[in-house]
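Hi,

Here is the model I said I'd pass on. Have a look at it first, and my notes on the packing follow below.

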Amino acid sequence: MNENENVEFKESFDDRVIESLTAFANTKGGRVLIGVNDKGEPVKNLKIGKESIQKSLNEIKTKTEPSIIPDVEIISYKGVAVIEFSVKEFPIKPIACRGRYYKRVNNSNHRLSASEISDVYLLAMQYSWDSYLYNGATQKDLNIYLVKKFVEKVNKSRRFSLPAEPVEALKKLNMIKNGYPTNAAMILFSKQDLRYNVHIGRFKTPSMIIDDKMISGDLFSVVAKAMKVIIGHLKFAFFISGRKIARDEIPEYPLDAIREILLNTLIHRDYQSPTDVQIKIFDNEIKFFNPSGLFGNITEEKLKTNGYSASTRNKQLAEAFYLTHDIEKYGSGFIRVRKAIETYPTMKFNFSVIDNGCVSEFKYSEQKIELLKNEEIFDISIFGDDLWLDNVNPENDTVNPENDNVNPENDTVNPENDNVNDTVNLTVKILSILKKEPDITQLAISEALSVSKTTIVREIKKLQENNVIKRVGSDKSGYWEIL
């Protein structure tokens with residue numbers, strides 16, 4: 001037997017025994033063996049008497065709040081009599097020992113912070129912080145247009161049926177109680193910006209930042225804006241293979257996995273913390289920092305398996321994103337992330353708990369483009385984050401600037417597809433120019449690419465019709481935005 005999340009050894013009875021019992025009561029229950037040292041060896045000179053046991057029980061009762069009275073038994077351990085105090089998980093949590101609160105983590109007791117004490121209480125009461133009323137808010141503080149959009153999306157998803165009238169819909173979801181909005185209602189639909197910030201940075205090194213964005217607002221908009229900023233910093237490979245004429249594209253990271261972690265970070269965020277969510281994008285790594293610890297009894301080790309069962313810190317927020325089909329199933333996000341990166345051969349997903357929160361990390365050594373070496377490729381183009389390459393030779397993954405066409409020795413190439421290849425190349429080059437110079441004119445693009453203005457106008461129109469780009473402002477003073 002070893003010390004673990006359910007077992008503790010103590011040579012004699014003291015206040016540390018009571019701390020362990022409250023930690024067990026606040027977690028999953030456990031037992032303390034009195035008369036056993038840290039190495040798991042019994043202390044043979046332990047004195048056991050009815051009066052000493054009763055005195056210990058009285059001390060446990062008076063030093064805990066609410067009071068706990070553990071089960072006590074004299075057992076034989078390695079042939080020696082020892083005292084066993086045991087408790088089950090307490091239904092009303094947290095239990096305090098001399099005004100301090102603990103929970104059991106692996107084989108040690110962890111003292112709870114003020115935020116963790118609140119979490120344990122809410123979980124025990126089967127409440128969530130976001131279901132409480134937002135201090136000082138009224139229905140007038142809600143953006144009814146945002147609520148209407150939400151109701152329409154929920155009803156379209158067919159996961160739930162909400163009344164068309166916005167206030168009645170929120171009442172049905174318990175986001176309006178006694179005429180007042182909950183924390184969740186305000187986070188999702190507030191007219192005013194509540195300043196729950198998401199800070200996104202693009203880094204070349206840990207100390208060299210080349211782009212910086214701060215995003216806040218209603219939560220659905222924050223998700224959309226944050227994804228747009230992240231995607232704007234990613235590289236995409238566009239290619240045409242000999243097996244089909246249609247263009248394929250490969251993002252630097254699986255976008256479903258990135259969105260899943262973004263949603264997980266924002267939905268399970270501790271909104272009482274003043275610290276911002278932080279997303280750091282490096283050349284081959286993305287880190288998501290959530291300024292919140294794990295909620296409930298889930299552990300870092302359990303999250304690495306596919307059999308974990310997670311608790312939800314913000315139940316109303318999670319339900320809102322579930323009803324709109326933005327998340328598929330409670331407590332399965334990490335499973336879907338690991339599934340999504342399976343086709344990215346060198347990519348790793350890591351999750352870790354640190355002192356002031358949690359970090360989710362995607363990292364790779366080689367891009368998925370390496371997989372295309374086994375394909376019959378007409379063309380590969382990579383663009384994004386100020387980088388685009390074309391005419392990649394699939395034999396050695398090097399750029400050949402002199403070769404505008406596929407290697408003529410490859411007899412699998414169908415010359416009839418050259419026009420498709422040229423169109424893709426032109427599209428990628430146009431988008432690369434627009435990314436670097438959003439206010440450039442179509443005439444300047446034609447001159448830069450040595451292509452007629454008529455061709456550029458035609459391609460720009462196609463990109464607009466396909467919602468790839470849009471013109472913001474007038475023809476003279478506006479700019480192009482890549483969607």
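Predicted model: local features only at pLDDT ≥ 70, side-chain atom pairs only at ≥ 80, totals over all residues.

Let's start with a helix pair: α7 (residues 219–232) packs with α10 (residues 315–323) at an angle of about 65°, the axes lying 12 Å apart. Axes here are lines fitted to C-alpha atoms, for helices over the stretch in contact, and angles run from 0 to 180 degrees between N-to-C directions. Helices (H or I, at least four residues) and strands (E, at least two) are DSSP runs, numbered from the N terminus.

Residues are numbered from 1 along each chain as its sequence is written, and side-chain values use heavy atoms, with hydrogens and water left out.

On the α7 side, Leu219, Phe220 and Val223 meet Leu317, Ala320 and Phe321 of α10, where contact means heavy atoms within 4.5 Å. That contact has six nonpolar residues, no polar and no charged ones (Ala, Val, Leu, Ile, Met, Phe, Trp, Tyr, Cys and Pro count as nonpolar, Asp, Glu, Lys and Arg as charged, and the others, Gly among them, as polar).

Then there is α8 (residues 255–267) with α11 (residues 333–340): their axes come within 9 Å and cross at roughly 160°. That makes the two helices roughly antiparallel (angles over 145 degrees; under 35 is roughly parallel, 65 to 115 roughly perpendicular and the rest oblique). This crossing is left-handed. Ala257, Glu260, Ile261 and Asn264 of α8 touch Gly333, Phe334, Arg336, Val337 and Ala340 of α11. By class, the contact has five nonpolar, two polar and two charged residues.

Now the sheet. Six strands make an open, mixed sheet, ordered β12-β11-β15-β16-β18-β17 (strands pair if DSSP finds at least two bridges between them). At the edges are β12 (208–215) and β17 (348–354), each pairing on one side only. Neighbouring strands are turned by 15° against each other on average, direction ignored. Strands β16 (residues 285–290) and β18 (residues 357–363) run antiparallel, joined by six bridges, and Phe288 stands opposite Ser360 in β18.

Both α7 and α8 come back here. α7 packs on the sheet, touching β11 (198–205), β12, β15 (277–282) and β16, and its direction makes about 160° with that of β12. α8 touches β11, β15, β16, β17 and β18, at about 15° to the direction of β16.

Cheers

Technical notes:
Left-handed = near helix turned anticlockwise from the far one by under 90°.
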